[in-house]
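Here is a short briefing on one protein chain. Look through the structure first, then read the points below.

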Amino acid sequence: MASQTQGIQQLLAAEKKAADKVAEARKRKARRLKQAKEEAQSEIEAYRLEREKQFKEFESKHLGSRDDVAAKIDKDMKMKLDVINRCMASNKELVIQQIMSYVYEIKPAIHKNIRLD
């Protein structure tokens, strides 16, 4: 009977040892997954920063800086406003004369839809 108890004790010890090995393997796997995830995250961040840098270079090369773009838009707007103001100034008197002629030269007439029966 002592040999059976000793055999059972050995089986229990082996089972506990195997369970410990499995638990340790799971912990190692979890650590490796976490490490791989962190490495992937850092690679993603490095790639994102590189692409942002490339985009900024492309943007500044092709579009100029934002201040340059804003200055160009302001300049274009001022030029267009000057053209509109010159056009208005040159045609102002003519338009006033036309409006005044329409107001003062009233030609009374019967509307074409009126029936005189």
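Met88 counts as exposed, at 51% relative accessibility. The cut-offs are these: buried is under 20% relative accessible area, exposed is over 50%, and partly exposed is in between, using a 1.4 Å probe and protein chains only. This is a predicted model, in which local features need pLDDT of at least 70, side-chain atom pairs count only at pLDDT 80 or more, and totals for chains, interfaces and linings use all residues. Residues are numbered from 1 along each chain as its sequence is written, and side-chain values use heavy atoms, with hydrogens and water left out.

**Helix α2**

- Met88 sits in helix α2. Helices here are DSSP runs (H or I, at least four residues), as strands are (E, at least two), numbered from the N terminus.
- Helix α2 covers residues 66-104. It has 39 residues and reaches 54 Å from its first C-alpha to its last.
- That reach is close to the 57 Å expected at 1.5 Å a residue. The expected span is 1.5 Å times one less than the number of residues.
- Where is the kink in α2 centred? It is centred on Asn91, with a bend of about 45°. The bend at a residue is the angle between axes fitted to the seven residues ending there and the seven starting there.
- Met88 and Ser101 are 13 residues apart along the chain, and their C-alpha atoms are separated by 19 Å.

**A nonpolar surface patch**

- Val95, Ile96, Ile99, Met100, Val103 and Tyr104 form a nonpolar patch on the surface. Together they have about 560 Å² of accessible area, computed by the Shrake-Rupley method with a 1.4 Å probe, where only the protein chains shown count as cover for residues.
- Patch residues have over 30% relative accessible area and no salt bridge; like charges are joined within 9 Å, and nonpolar side chains (Val, Leu, Ile, Met, Phe, Trp, Tyr) within 5 Å.
- Ile96 is partly exposed, with a relative accessible area of 35%.

**Salt bridges**

- Side chains of opposite charge can pair when their charged atoms come close.
- A salt bridge here is a side-chain nitrogen of Lys or Arg within 4 Å of a carboxyl oxygen of Asp or Glu. The count comes to four.
- Arg31 pairs with Glu24 at 3.7 Å, N to O. Glu24 is partly exposed, at 34% relative accessibility.
- Arg48 pairs with Glu45 at 2.4 Å, N to O. These two are three residues apart in helix α1 (residues 2-63), so about one helical turn separates them.
- Arg48 also forms a salt bridge with Glu52, with the closest N and O atoms 2.5 Å apart. This pair lies four residues apart in α1, about one turn of the helix.
- Shared partners join Glu45, Arg48 and Glu52 into one network of salt bridges.
- Arg48 is partly exposed at 36% relative accessible area, as are Glu45 at 34% and Glu52 at 38%.

**From the record**

- An unreviewed UniProt entry lists residues 8-57 as "coiled-coil region". UniProt positions follow the numbering used here, feature names are shortened, and annotations may be inferred rather than shown by experiment.
- In the model, residues 8-57 are 100% helix and 0% strand, and their end C-alpha atoms lie 73 Å apart.
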